[in-house]
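Me: Hi! Could you walk me through this protein with me asking as we go?

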Amino acid sequence: MVIPKKANAAEIIPVNISVKYGQTEARKIFNMINEMRTSSTDAWYWNEDDTTKTTCSALSELAYDYDLERLAMKRAAEIALSYSHTRPNDGRSFSVYSEEGITNWRALGENIAAGYLSAEAVNMGWREDNENYVGQGHRRNMLSADFNCVGIGHVYYNGYHYWVEEFAYRTSVNTTGTAANDSEQVTALSVDSSKITGFKATFDKTSYTLRAGESTVASITKSGITVSGQWPVEVDRIVTDTLTISVANASIASYNNGKISGLAEGTTTLTASLYGMTAANMPTVSVHESGDKDNTDKDQKETETKDSDKDQKETEVKDQDKNQQQTETPNTKPNQNQKPQTVKKTTKKIKLNRKKLTLKKGKTFKLKVTLTPKDSKDKIVYRTSNRKIATVSKTGKIKAKKKGKVKIIVISGKKKAVCTVKVK
């Protein structure tokens with residue numbers, strides 16, 4: 001079989017994923033196939049009219065081919081990334097044979113499956129006992145007289161099981177047994193870059209605050225991609241390749257070997273890239289001057305609360321309102337002549353860390369607010385234009401509810417700022 005190359009072939013890139021092979025379980029299916037092939041009652045399939053059957057009499061048992069098992073294991077890892085008979089490199093499924101140096105075949109067939117938890121379950125799925133002719137393609141492969149050998153692969157990846165049967169007629173079958181591979185290992189796959197449709201990087205926090213001259217650890221908890229043809233559709237494919245991390249504004253902070261270092265006062269974001277793609281919704285980095293402790297004025301400290309979600313806890317300064325208490329730093333000796341402050345500092349400007357934002361349903365994002373002047377006495381109020389699409393807490397935590405667009409409005413005194421949120 002000769003597969004012509006595309007005239008404008010996309011870039012092929014190596015993608016590394018960690019899978020757990022399950023060959024002890026996979027090999028159980030071999031005897032199930034032969035039991036079906038030699039059964040007087042099970043060796044049949046519907047004809048195209050769906051009223052008459054073809055009975056497969058005198059079928060010989062298949063041999064287990066350890067070359068084909070190696071191919072099936074490779075294909076099992078590939079369908080874990082992109083569930084299709086088309087390979088992640090955009091080649092036909094059978095191109096794996098020539099790629100692995102197997103050329104002595106007369107006929108080939110492939111069955112794939114995903115989600116089944118055991119050998120027995122996936123074999124029953126492939127048998128298709130209750131399907132009509134159109135739905136019995138896997139069954140016809142299992143009962144085909146064109147094949148004399150089979151190899152079976154199985155991997156567990158990202159919380160799901162993936163299975164492959166490779167059938168062939170070979171003039172020389174490799175029956176030299178090997179130990180079943182049940183190990184967890186990193187597998188390198190060749191992927192057509194056009195099939196990678198998204199990239200996401202998750203850190204241990206959604207924001208980092210530090211002083212100029214200080215450093216803090218920023219840990220990557222997960223990096224994942226979306227791939228055309230993946231199953232399940234809504235679950236990112238976790239990869240093990242190393243990300244390129246930097247800081248959007250290098251004059252404010254730097255990133256090196258997992259640490260963020262504050263350089264100058266300001267707010268910026270981390271950036272992460274992989275396979276030529278840049279991740280969205282990255283953590284913010286806020287740097288304060290070294291003498292400005294906790295970004296408060298000299299005469300008071302505000303109590304802090306912790307917003308928590310599944311992946312992190314971050315410390316946020318409480319907004320001042322009627323139900324909130326502040327912890328004052330007491331004077332050692334009260335000043336009896338001190339007069340109460342009569343001039344209230346009001347908000348002149350509101351700055352948000354994001355003016356536009358895209359979130360997936362169920363995800364959250366912490367909106368950061370900077371007031372001018374910093375010691376404004378006006379409280380901060382958060383509003384949403386549509387609670388059915390997204391909500392916002394009194395500390396600025398946005399939660400996406402359903403698809404649509406919504407405006408998150410931030411009010412302080414007479415000033416207002418808006419962040420437009422798109423929920424996918």
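Me: How much accessible surface does the protein have, and what share belongs to carbon and sulfur atoms?
Reply: The accessible surface is about 23200 Å², and 48% of that belongs to carbon and sulfur atoms. Areas come from the Shrake-Rupley method with a 1.4 Å probe, and for residues only the protein chains shown count as cover. This is a predicted model, where local features need pLDDT of at least 70 and side-chain atom pairs count only at pLDDT 80 or more, while totals for chains, interfaces and linings use all residues. Residues are numbered from 1 along each chain as its sequence is written, and side-chain values use heavy atoms, with hydrogens and water left out.

Me: What does the secondary structure come to?
Reply: The protein has 5 helices and 32 strands. Both are DSSP runs numbered from the N terminus: helices are H or I with at least four residues, strands are E with at least two.

Me: And how many of the residues are buried, as a percentage?
Reply: Of the 424 residues, 42% are buried. Buried means under 20% relative accessible area, exposed means over 50%, and partly exposed is in between (1.4 Å probe, protein chains only).

Me: What share of the contacts is between residues 24 or more positions apart?
Reply: Such pairs account for 67% of the contacts with a separation of 6 or more. A contact means heavy atoms within 4.5 Å.

Me: Switching to charges: how many salt bridges does the structure hold?
Reply: It holds 20 salt bridges, each being a side-chain nitrogen of Lys or Arg within 4 Å of a carboxyl oxygen of Asp or Glu.

Me: Which residues form salt bridges with arginine 75?
Reply: Glutamate 78 is one partner, with the closest N and O atoms 2.9 Å apart. Glutamate 110 also pairs with arginine 75, again with 2.9 Å between the closest N and O atoms. Glutamate 110 lies in strand E5 and arginine 75 in helix H2, so this pair ties together parts 35 residues apart in sequence. Glutamate 78, on the other hand, sits in helix H2 with arginine 75, 3 residues away, about one turn of the helix.

Me: Is arginine 75 buried or exposed?
Reply: Arginine 75 is buried, at 0% relative accessibility.

Me: What does lysine 74 pair with?
Reply: Lysine 74 forms a salt bridge with glutamate 100, the closest N and O atoms being 2.9 Å apart. The two are 26 residues apart: lysine 74 is in helix H2 (residues 66–81), glutamate 100 in the loop between helix H3 (95–99) and strand E5 (105–114). Lysine 74 is partly exposed at 24%, as is glutamate 100 at 27%.

Me: What about phi at asparagine 257?
Reply: Asparagine 257 has a positive phi of about 50 degrees although it is not a glycine. Most residues other than glycine have a negative phi. Asparagine 257 is exposed, with a relative accessible area of 73%.
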